[in-house]
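Colleague: Hi, I'm new to this one. Could you walk me through a few of its features?

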Amino acid sequence: MEKNKTKGITRRDFIKGAAAGAAGLVGANLLSGCQNTASVPASAKIFNEPEKWDYECDVVVIGSGTASYAAIRAANEGLETICVEASAFGGGATGFSGGGGWFPMNKWSVEAGDTKEKMMSYLRNCCREIPITDAQLEAYIDNSQPTIDYYDEIFARCSEPVHSQVSGLFGDYQAEWEGGVTNASHSVSYGGVTKWKNAYLEAIELCGGKLLTSTKATKYVWRYDANDVPEVLGILCEQEGRPIAIKARKAVVCGAGGFDWNDEMKNSFLAVETPYACSLSSNDGTMLKATMELAPKLMNMSECFGQWTYKAKAEEQKAMSSPANIVFGHYFPRQIVVNQKGRRFCDESASYDALWLPFAAFDTFAPYGKTNLPAFEIFDQKFVDEIKGFSVDYFIGDLVDGVPSYAIKADSLEELAQKAGIDPEGLKAEVARWNQYCAEGKDPDFHRGEQYIDQMFNRMRDMSLLMEPNLGPIDAAPYYALEIAPNMLGTVGGPAMNEASQCLHISERPIGRLYGCGNFTGFGGPGRGYAGAGGTIGPALVMAYIAAGHILQNQKDWE
């Protein structure tokens, strides 16, 4: 092997240094695992090698949410499969969702006029400059209906059968784009999230796999191949307080979720300070950190699918490791969201994948200060009496006279501003401007109410309502303020993948025997975007289906 004459290092040493550098991004403690093994044959040195294997199988699947689809297919087609789940109950973030996924070119959407060209255009716009390849988008499109068909057949055998159906509720979140629809034909559900979760968890063992709950994957067992690219051989886990090792003769599929509950990683990578998460606390980035030891090509690390939360309640929920509340009242009339200056800063009713982005703005007058933090939802008594927006806010509770107990209340806007720490003149002027826009029926500042999604979410409170702009004045005392903060449904950064769901090394080669799906990867929805209801779940399920198929077609035990 040719050596660098200036530094005296081999190409193999350089690759190992890159792996250590990647690990250093999330903690110097990972550097100790990256040793110089240049004199050792590539096939001989095994990192994190256990003294013994507690389990051996063909395929190990990490996570029982969307990754369960990889476990089901691999087991159903004859591969010995073990699925490990960190929580005691199983189901992952998918079992905490709306119970369906977004599938392009499915049989219902094709009947409604879907074409591959339209879907490529729509998904390319969703990427928002994240370099997801056309091959990946085509794999997602081409395998959506096969994924639906495959699991329909298996779920029909479950003790409580479920089957796919069009959700019938939500259109696409960017319905105005080419390929976007208002008829909900892309969003496929399974008769409720609980029934579906029970079905996919049952199906793992129904098809011959093994599900190990309370089993948290922590590291890979791996080695370098002849091209100096890592090759995964198995995983190390913590199972109810004891370490175990599972050998994967053929492959590992990781769907361990994002780093939603890892404040260190969020502060290092995310573009917006996002202290709260409406997700499972087991999504702590452990396996993403483990993957960084393998020097993956990372993608989408600065992004998450973000929403808003009521800060006071979210603090309580975070202390209990509980998911933070989701705010939905801002989709309804008679309220606005303002910053400390009393100014609105966005379309309050935009899709929830985008609502955290305005918090990235910096105030250049006060370096490093955030322009739009703190922020407050402002509403009046008619909002409480007539809109009853809090009735659909998840995990709120603590209502007193129809509002959360931590709401700030005042008889005038000026008094409200003083109590909340908002500029009084700024708030009064903004409410007056908002009320004028409501009278004119149009919001020229942020175009609220003009998009399909704005009007669609407004109907959540009453499906008999017409689709119309969700404007409404704030003019009935008393007035209220609730402090809101950035919240997340999940991070979407992780290893880049190819169209076969293989995780990629920084060399652009696939990391040997390692596949990914869901929020563990950098695929997103795709990229930064969120296509519609089930926007992350649909692609994750298809990725898992593709991963199992690729493993089946490329079976070879490691030696």
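Colleague: How many residues line the second largest pocket, and which lie nearest its centre?

Modeller: There are 18 lining residues, and Q502, I511, G512, R513 and Y515 lie nearest the centre. A pocket here is an open set of points on a 1 Å grid over the protein atoms alone, where a 1.4 Å probe fits, with protein on both sides within 12 Å along at least five of seven lines; lining residues have an atom within 4 Å of a point. Before we go on: this is a predicted model, where local features need pLDDT of at least 70 and side-chain atom pairs count only at pLDDT 80 or more, while totals for chains, interfaces and linings use all residues. Residues are numbered from 1 along each chain as its sequence is written, and side-chain values use heavy atoms, leaving out hydrogens and water.

Colleague: Which element gives the most to that lining?

Modeller: Strand 22 does, with five residues. Strands (E, at least two residues) and helices (H or I, at least four) are DSSP runs numbered from the N terminus.

Colleague: New topic: at what angle do helix 5 and helix 14 pack?

Modeller: About 80 degrees, with the axes 9 Å apart. Axes are lines fitted to C-alpha atoms over the stretch in contact, and angles run from 0 to 180 degrees between N-to-C directions. The two helices are therefore roughly perpendicular (65 to 115 degrees) to each other.

Colleague: Which residues meet there?

Modeller: Among them are Y140, Y150 and Y151 from helix 5, which meet residues of helix 14 including L541, V542 and Y545. Contact means heavy atoms within 4.5 Å.

Colleague: What about E508?

Modeller: E508 has a positive phi of about 80 degrees, although it is not a glycine.

How values were computed. Angles under 35 degrees count as roughly parallel, over 145 as roughly antiparallel, 65 to 115 as roughly perpendicular and the rest as oblique.
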